[in-house]
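Look through the sequence and the structure before reading the points below.

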Amino acid sequence: MTHSKVAIVTGAARGIGAAVARGLAGDGFAVALFDLDEAGVKEGAAAITADSGKAIGLSVDVSDTDRVETAVAQVAEELGAPTVLVNNAGITRDNLLFKMTDGDWDSVIGVHLRGSFVMSRAVQKHMTEQKWGRIVNLSSTSALGNRGQANYSAAKAGLQGFTKTLAIELGKFGVTVNAIAPGFIATEMTAATAERIGVSFEDFKAGAAAAIPVGRVGQPEDIAHLVSFFVSEGASFISGQVVYAAGGPTD
Ligand SMILES: NC(=O)c1ccc[n+]([C@@H]2O[C@H](COP(=O)([O-])OP(=O)(O)OC[C@H]3O[C@@H](n4cnc5c(N)ncnc54)[C@H](O)[C@@H]3O)[C@@H](O)[C@H]2O)c1
């Protein structure tokens, strides 16, 4: 049986998610872009459609179970059964532990961990019915520990355990589950960090690049390329893995 080629990318209005959505459209997938930013995903979907692809953009908060369920059902109805899910939506609420609020903790865990759980649970039935699927979760080098990011590093390390467990549970249905842990990628997320610490984005990127073995910061397309590999037919024997994409080794 051939499977449907339909992908859902969360947090797809900009940055890494937008590049992943474009990349998957280029690989021949119909793509549903999910984000809080409705104008952003509608624009991204229109650009893919103008480029001869097939895409829709939906306003979805990935941590809202009811909204996720209805949006995934809409994708199945309009594009076909989703067989690829990229859990990319993310936020940061950085603070040193003694200043970190309950809200900082709950919102970060809510988007990354609860959001990936709710999305994966909603989409898995389509993948198991199709006997084919690919889930890719966005972790981070911060999973290894990063000052000011107790919430974010816990969420990103949690996603690695989540990835391995789903790989064990879903493997027999032809579904692989992997995680990508990027280092520094130039997006609005890293631009916001530069602004918060009072450094220009150009200086912030130059400082980061000096410490990266390949001598540059990452671009969203670096991650999109790896997603394309993980979702390819040829990657069916690779599951439960975490690949660090950081321009060099990590500890
Ligand atoms: N930029 C980096 O250096 C870097 C490094 C490692 C990991 N990551 C991870 O990669 C992913 C994408 O990061 P980015 O740099 O493109 O970030 P970004 O801030 O540019 O984009 C994130 C997108 O997620 C959306 N989003 C946030 N909360 C959401 C929610 N509840 N529901 C739906 N959408 C929501 C935002 O609206 C935004 O469009 C994140 O999971 C991030 O943690 C980024």
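Predicted model: local features only at pLDDT ≥ 70, side-chain atom pairs only at ≥ 80, totals over all residues.

At 55% relative accessibility, Lys131 counts as exposed, because a residue is called exposed when its relative accessible area is over 50%.

**Two residues with positive phi**

- Lys131 is not a glycine, yet its phi is positive, at about 55°.
- The loop that holds Lys131 runs between helix 4 and strand 5 (133-138).
- Ser52 is another residue that is not a glycine but has a positive phi, here about 70°.
- Ser52 sits in the loop between helix 2 (38-50) and strand 3 (55-59).
- With a relative accessible area of 72%, Ser52 is exposed, because that value falls in the range over 50%.

**Domains**

- The chain is divided into two parts: domain 1 (6-183 + 220-244) and domain 2 (187-217).
- Domain 1 is written as two stretches of sequence, 6-183 and 220-244.
- The contact between the domains takes 10 residues from domain 1 and 5 residues from domain 2.
- Taken over C-alpha atoms, the centres of domain 1 and domain 2 are separated by 24 Å.

**The shell around the ligand**

- Which residues come nearest to the ligand? Of the 29 residues around the ligand, these are Arg14, Asp35, Asn88, Tyr152 and Thr187.
- Sorted by class, the shell has 14 nonpolar, 10 polar and 5 charged residues.
- Domain 1 and domain 2 each give at least three residues to the shell around the ligand.
- Four helices each supply at least two residues of the shell: helix 1 (15-26), helix 4 (102-130), helix 5 (150-170) and helix 6 (188-196).
- Helix 6 provides the largest share of the shell, with 3 residues.

**Polar atoms at the ligand**

- A polar side-chain atom of Thr187 lies 2.5 Å from an oxygen atom of the ligand.
- In Asn88, a backbone N or O atom is 2.8 Å from an oxygen atom of the ligand.
- Ile16 also places a backbone N or O atom by a ligand oxygen atom, at 2.9 Å.
- How much of the ligand's accessible area does the protein cover? On its own the ligand has 830 Å² of accessible area, and the protein covers 94% of this.

**Asp94**

- Asp94 is found in the loop between strand 4 (84-87) and helix 4.
- Is Asp94 buried or exposed? Asp94 counts as buried, because its relative accessibility is 13% and the limit for buried is under 20%.
- Leaving out residues up to four places away in sequence, Asp94 touches Gly148, Gln149 and Arg196.
- The side chains of Asp94 and Gln149 are joined by a polar contact of 3.1 Å.
- Between the side chains of Asp94 and Arg196 there is a polar contact of 2.9 Å.
- Asp94 and Val177 are 83 residues apart in sequence, and their C-alpha atoms are 28 Å apart in space.

How values were computed
Residues numbered from 1 in each chain as written. Heavy atoms only, no water. Near = heavy atom within 4 Å. Polar contact = N/O pair within 3.5 Å; in protein donor to acceptor, adjacent residues only side chain to side chain. Areas by Shrake-Rupley, 256 points an atom, 1.4 Å probe, with all protein chains shown as cover. Nonpolar A, V, L, I, M, F, W, Y, C, P; charged D, E, K, R; others polar. Domains from an automatic or database assignment. Buried < 20%, exposed > 50% of the residue type's maximum accessible area, 1.4 Å probe, protein only. Contact = heavy atoms within 4.5 Å.
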